[in-house]
Amino acid sequence: MKLKSQINQVIKEAFSKAGIEHEPMSVSEATKAEFGDYQFNGAMALSKKLGKNPREIATEILNNLDFTGLLAKAEIAGPGFINLWLNPLWIASQCKVAAKDSRLGVGKRETPIKVVVDYSGPNMSKQMHVGHLRSTIIGDTLANLLTFLGDEVIRQNHIGDWGTQFGMLIAYLEEMGEDGSVSLKDLEQFYKDAKGRFDADADFADKAREYVVKIQSGDQHCLNLWQKFIDISLGHCEDVYDKLCVKLTREDVKAESFYNEDLPQVIEDLISQNLLKESDGAQCVFLEGEEIPVIVQKGDGGYLYATTDLAALRYRANVLGAKRISYVVDARQAAHFKQVFKVAKESGFVAEDVKLEHIAFGTMMDKGGKPFKTRDGGTVKLIDLLDEAVVKAKETINDKDNYSKEEVEALAKIIGIGAVKYADLAINRESNYIFNWDKMLSFEGNTSLYMQYAYARIQSIFRRFDGEIIGDIIIGDALEHRLSVMLLRFEDVLYRAAVDAAPNQITTYLYELATLFMRFYEQNPILKEGVDEETKMSRLQLADLTAKTIKQGLDILGIQVVDKL
RNA sequence: GCACUCAUAGCUCAGCUGGAUAGAGCAUCGGUUUGCGGUACCGAAGGUCUCAGGUUCGAAUCCUGAUGGGUGUACCA
């Protein structure tokens with residue numbers, strides 16, 4: 001239900017009838033319940049243009065509003081606000097439609113586009129750490145969201161699988177022989193051991209350097225070892241993705257090395273575009289208004305990540321055919337992306353109509369507001385963090401005796417992982433985010449547990465009720481009214497969140513919805529004695545649609561629900 | 001130095017294209033006739049939206065400057 005645009009349409013018609021030849025601004029949600037459901041603030045803005053006082057203009061608009069459809073009432077308030085009340089009968093019928101629809105009334109985009117979402121991007125020489133968390137879950141949410149709205153989403157995991165350290169790592173893997181894959185379980189340790197050998201043994205160090213050259217020149221033996229190493233390392237990542245309920249698979253992997261062959265061509269093409277200049281021995285693109293050039297080839301002939309990114313950009317635009325390419329990467333790389341995007345456009349690698357965007361996010365901080373580290377200052381492995389979340393989640397389960405060991409385990413996983421993800425997604429992605437176990441695992445406030453609890457609570461209603469739900473939705477009081485309107489807003493929220501790539505708009509909405517439901521449920525009994533059949537049926541349907549909306553919303557965030565908590 | 005970014009209640013955060021008396025949660029205080037899941041709900045208190053100007057009928061939101069924090073600044077990714 002594109003609620004807002006339907007209301008806008010009514011306003012637009014009123015404009016036309018009133019003979020106002022301006023495009024009306026969009027209505028917005030009423031700031032307070034007493035101001036109705038929506039408000040139109042455009043009369044004040046028109047005052048100067050039309051040379052009339054705003055209340056006069058508002059009156060003209062109001063007199064031409066159509067009250068035979070979705071609007072029930074409108075009032076002029078203050079300097080010229082038009083407060084709008086939706087027709088309860090209309091709301092009820094729309095909720096009914098949504099409840100019956102598998103998509104809850106959320107339409108698919110009329111003109112879907114191909115979108116590449118680049119996220120996660122772990123480095124194969126190291127284990128995933130907390131620094132990868134935000135990219136991974138924000139990116140996954142964006143991909144889920146756009147998929148749900150009907151776009152053709154191509155997930156891209158741009159893993160780091162190339163560079164000098166791999167010579168060392170595969171030389172060490174070869175030396176370990178069969179045991180290599182075993183000790184690789186702890187990549188961190190493996191890296192340290194390899195580095196130890198590298199520093200201590202000159203022969204080994206030579207071999208490592210030799211291997212780098214050999215990989216790059218396509219030596220089969222070394223490439224096999226390299227491939228083995230990548231496979232194992234990627235397996236670790238997949239364990240994390242699995243735990244996180246993130247949908248990345250091997251099909252989504254397009255490693256850095258994938259673009260190797262195109263790199264010389266990137267340079268060639270930049271030369272033929274006259275964009276390249278040599279500076280201090282390096283090949284650079286100097287952009288207007290930028291102090292620092294984009295270096296695409298080092299003095300020694302090596303390529304840089306800007307080169308790879310350019311190759312990736314044109315592959316995504318031209319081969320994959322993407323019209324929107326979204327990079328979910330740490331905010332610290334803003335300058336890099338700004339420059340690379342500019343080069344991509346100026347060189348014609350990427351057509352003008354392709355939207356390139358850096359979905360930047362802030363840093364994860366500890367309780368004290370400092371970057372998140374272990375006690376001894378090391379990086380926190382992502383898998384350890386997730387395991388800890390599951391352990392802590394177990395403590396929140398009240399009656400463990402009612403569940404089998406496996407059930408507790410499964411439940412703890414859903415709660416713990418959901419808490420970690422939700423806490424992150426609920427923050428405006430651009431600001432830094434303070435990680436706090438107690439807060440995220442609380443039932444109170446805007447948390448996944450509150451949402452899961454609300455869902456489970458509704459499910460328990462349906463466990464107690466067995467029968468067929470028939471009849472209409474009847475909006476009987478102010479809370480039912482507000483809840484219903486909130487339910488109809490779902491589509492607007494999702495589309496807005498997709499434009500802004502802002503998961504927190506979804507969490508905010510879900511929290512408001514769940515809160516509103518709790519209030520409604522507190523005040524309006526459903527299965528208690530004395531509730532007449534018609535009212536019961538109506539409220540059951542509202543409860544059902546609320547639960548479905550929460551579930552669908554959380555599903556987009558990659559968070560599961562359970563029938564019992 | 002330059003560039004980018006942030007500054008909202010004691011704490012953690014919302015606040016969409018400028019709109020009415022700036023909103024939540026936590027913490028604090030008080031309340032809810034056995035409560036369909038009370039891990040809930042209701043209420044109170046809590047603010048110079050860092051500061052100073054400007055634009056506007058109207059500014060937390062836009063512009064300029066100041067202060068304070070964060071980040072980035074040519075051959076790592």
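Domain 2 and domain 4 bury about 1,800 Å² between them, 65% of it on carbon and sulfur atoms; buried area is the accessible area (1.4 Å probe) that two parts lose on being put together, summed over both. In domain 2, the residues that lose the most area to domain 4 are Arg134, Leu145 and Leu149, together 27% of what that side buries.

This is a predicted model, in which local features need pLDDT of at least 70 and side-chain atom pairs count only at pLDDT 80 or more, while totals for chains, interfaces and linings use all residues. Residues are numbered from 1 along each chain as its sequence is written, chains are lettered from A and ligands numbered from 1 in the order in which they are written, and side-chain values use heavy atoms, with hydrogens and water left out.

**The domains**

Colour chain A by its domains: domain 1 (3–86), domain 2 (114–160 + 254–364), domain 3 (165–244) and domain 4 (396–556). These bounds come from an automatic or database domain assignment. Return to domain 2 and domain 4, whose C-alpha centres lie 38 Å apart. Here 18 residues of domain 2 are in contact (heavy atoms within 4.5 Å) with 23 residues of domain 4.

Next, select Arg134 and Asp424. They form a salt bridge, with the closest N and O atoms 2.9 Å apart; the term denotes a side-chain nitrogen of Lys or Arg within 4 Å of a carboxyl oxygen of Asp or Glu. The count between domain 2 and domain 4 is 1 salt bridge.

**The whole chain**

Zoom out to chain A, which has 21 helices and 13 strands. Helices (H or I, at least four residues) and strands (E, at least two) are DSSP runs, numbered from the N terminus. Of the 565 residues, 52% count as buried: buried means under 20% relative accessible area, exposed over 50%, and partly exposed in between (1.4 Å probe, protein chains only).

**Salt bridges**

The structure holds 35 salt bridges. Select Glu491 and Lys2, whose side chains meet at 2.7 Å, N to O. Glutamate 491 lies in helix 19 (residues 490–500) and lysine 2 in the segment before helix 1 (3–18), so this pair ties together parts that are 489 residues apart in sequence. Glutamate 491 is buried, at 4% relative accessible area, whereas lysine 2 is partly exposed, at 34%.

Move to Arg155 and Asp140, which form a salt bridge at 2.6 Å, N to O. Arginine 155 belongs to strand 6 (residues 152–156) and aspartate 140 to helix 5 (residues 133–148), so the pair joins parts 15 residues apart in sequence. Both residues are buried.

Then select Lys4, Glu29, Arg489 and Glu512, which are linked in a network of salt bridges.

**A buried arginine**

Select Arg316 in helix 12 (residues 305–319). Is arginine 316 buried or exposed? Arginine 316 is buried, with a relative accessible area of 0%. Leaving aside neighbours within four places in sequence, its contacts include Val116, Asp118, His158 and Tyr327.

**A surface patch**

Finish at Phe443, Tyr453 and Leu565, which make a nonpolar surface patch of about 240 Å². Patches are made of residues with over 30% relative accessible area and no salt bridge: like charges are joined within 9 Å, nonpolar side chains (Val, Leu, Ile, Met, Phe, Trp, Tyr) within 5 Å. Accessible areas come from the Shrake-Rupley method with a 1.4 Å probe; for residues, only the protein chains shown count as cover. Leucine 565, in the segment after helix 21 (533–556), is partly exposed at 31%.
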